[in-house]
Amino acid sequence: MSLALFAPDYLIGTIGIAVFAITGVLAGAKKGMDLFGIIVIGLVTAFGGGTLRDVIIDAPVFWIQNFNYVWIATTAAIIAFFMEDYFWKTYKPLLHLDAVGVALFNVQAIDKTLLLGYTPAVAVIMGLITGITGGIMRDILADRPNLILKNDLYATPILIGGILYVIMIQLFPNATTINTITAIAVVVIIRVAAIRWNLTFPKWLLFAGKESEN
Amino acid sequence: MSLALFAPDYLIGTIGIAVFAITGVLAGAKKGMDLFGIIVIGLVTAFGGGTLRDVIIDAPVFWIQNFNYVWIATTAAIIAFFMEDYFWKTYKPLLHLDAVGVALFNVQAIDKTLLLGYTPAVAVIMGLITGITGGIMRDILADRPNLILKNDLYATPILIGGILYVIMIQLFPNATTINTITAIAVVVIIRVAAIRWNLTFPKWLLFAGKESEN
Amino acid sequence: MSLALFAPDYLIGTIGIAVFAITGVLAGAKKGMDLFGIIVIGLVTAFGGGTLRDVIIDAPVFWIQNFNYVWIATTAAIIAFFMEDYFWKTYKPLLHLDAVGVALFNVQAIDKTLLLGYTPAVAVIMGLITGITGGIMRDILADRPNLILKNDLYATPILIGGILYVIMIQLFPNATTINTITAIAVVVIIRVAAIRWNLTFPKWLLFAGKESEN
């Protein structure tokens, strides 16, 4: 049942999980960490967000239902450990694949949440939690500055894509394929543009923080 | 049902959530964070504790049931972003409102936990988790020293109020209103006194830490 | 029911929880933390892992079902606070007791997970999560380098013991006692050896991190 739900997206989902684990290792690992730590870094990046989502919406945790994901992410993290040099050379293309993964998981999370009877607004938040929590957990574990502390445009494309997706579902309930492809495309395009041109929020949307050190 | 439960406290609850989001932004935000990060800081402060509580006691997560809270906290965080100067000027009164919010949510958390059939001791812990977890999560996200690392008297008033409240429920099961008001008043009074006179634990209750750096 | 499940291990479980709280305080507490912070540090170390496990496998959280654990861990943390000197002198023996506790909780976590109908692979992961999460949460709260950042051989013995245990259950389904004792002994032996000889992963299993600061 639950497996069938994800069947059409399964291949992209699998690639997405592997890419998350690899980019997670590249972005999070520190010199001298042992292989066990590297695997944890990869798994937390790949599964942190979906796990928090499933716990909040009270659904069975997705990687328990589909344990293949764990093998794939573990393998990917081990490969990233041994082939670090190679993956750094392909980091930009990997970030693009990461954008595709995030875009897809956003749509999957929204579908899953709506199917459980939650409102569109809750579903959009669950897409966002799925997309950003793993990376934040990784950065906290690895003692690196996380998403909230950086100005990378990572979360905003997910949010825009999610809002667009639930609106399209309301307007065109039968155009499932078009809705899905549009929502994925919008996230990928904004995210890739952000990577390519180092887009950030404009200055007036950055916190002035005049007295925030009190 | 679950909504009705909170109905009498709804107005104060709404103000409490807004105040948590605002004090959360003031205490947690750092210069240069973008608006998205500021909103996350506000939401995590306002919802972190109640979310962890609901996940542990296996209740539906409160802000999903009452999504208005999310709009309110988001709006409050955005206002705090743009009116930082104004809110710093009113920070002391805001901290007092924060104390009222914490006191109220403590009582609500205890009521909710007891209603689900848990023991008074579990309920007191759930009040505490509700009151302190959001701020701790915010400080970890924002890379600031959290509650555990500071000597602020923030958690202790909640604990004292919670213990008093469950004892009063045992002794005077019919005096609902008096019990509630007393429990809220006790937390507010101790917390406000702590803010006003910078109260901390006495020195003999601070960790000596002779070898803790080993 | 659920209590009976743990009855034979109850005494060791109780000692394990107390030891976790004490070693948690010794390893995590910092000079100047107040008694409340120390108790939180002890409780988080003792209960963090089991709580995350129970939330993920959707079981009632163990310390709510068995609240005595909370009293024991709280008492142990308070004793550690006041008798820090004494416990530092016995830190090595305490670490050995900690190894016994981790080994036992690993087996308990695997049993509990299997009993709920999950696969052996999921059960092994739950043993690992139970064993390492509390210490990681403590270190994040206390702003100290966590397990992932250090090369201590802490998680690997748990993983080896867990894999061995589920294999033995498959091969010798009736040899419950022997399986349990073997799984506990393997974890304790490897962990004690790691403590005694400062064992770590070999150098080729440490992350080279050539460009990881990008």
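**Figure 1. Chains A and C around an axis.** Chain A can be laid on chain C with an RMSD of 0.0 Å, by a turn of 120° and a shift of 0.0 Å along the axis. The two copies are thus related as by a three-fold rotation axis. In chain A, the C-alpha of Val55(A) is nearest the axis, 4.1 Å from it. Copies are superposed by least squares on the C-alpha atoms of residues with pLDDT of at least 70 in both. This is a predicted model: local features need pLDDT of at least 70, side-chain atom pairs count only at pLDDT 80 or more, and totals for chains, interfaces and linings use all residues. Residues are numbered from 1 along each chain as its sequence is written, chains are lettered from A and ligands numbered from 1 in the order in which they are written, and side-chain values use heavy atoms, with hydrogens and water left out.

**Figure 2. The contact between chain A and chain C.** Chain A gives 33 residues to the contact, and chain C gives 31 residues. Contact means heavy atoms within 4.5 Å. The area buried between the two chains is about 2,700 Å². Carbon and sulfur atoms give 70% of that area. Buried area is the accessible area (1.4 Å probe) that two parts lose on being put together, summed over both. Between chain A and chain C there are zero salt bridges. A salt bridge is a side-chain nitrogen of Lys or Arg within 4 Å of a carboxyl oxygen of Asp or Glu. Only 9% of the interface residues of chain A are also interface residues in chain C, so the copies meet through different surfaces.

**Figure 3. A nonpolar patch with residues from chains A and C.** Ile79(A), Phe82(A), Met83(A), Tyr86(A) and Trp204(C) make up this surface patch. Together they have about 550 Å² of accessible area. Patches are made of residues with over 30% relative accessible area and no salt bridge; like charges are joined within 9 Å, nonpolar side chains (Val, Leu, Ile, Met, Phe, Trp, Tyr) within 5 Å. Accessible areas come from the Shrake-Rupley method with a 1.4 Å probe; for residues, only the protein chains shown count as cover. Tyr86(A) sits in helix 6 (residues 84–89) of chain A. Tyr86(A) is partly exposed, at a relative accessible area of 45%. Buried means under 20% relative accessible area, exposed over 50%, partly exposed in between (1.4 Å probe, protein chains only).

Figure 4. Helices (H or I, at least four residues) and strands (E, at least two) are DSSP runs, numbered from the N terminus. Thr51(C) is buried, with a relative accessible area of 11%. Not counting residues up to four places away in sequence, Thr51(C) touches Ile56(B), Val61(C), Phe62(C) and Trp63(C). Gly42(B) is buried, at 0%. With the sequence limit of four places, Gly42(B) touches Ala21(B), Val25(B) and Ala77(B).

**Figure 5. Buried salt bridges.** The count comes to nine salt bridges over all chains. Asp54(B) pairs with Arg53(B), the closest N and O atoms being 2.9 Å apart. Asp54(B) is buried at 0% relative accessibility, and Arg53(B) is buried at 6%. Asp54(C) forms a salt bridge with Arg53(C), and both are buried. In chain A, salt bridges that share partners join Arg53(A), Asp54(A) and Lys112(A) into one network.
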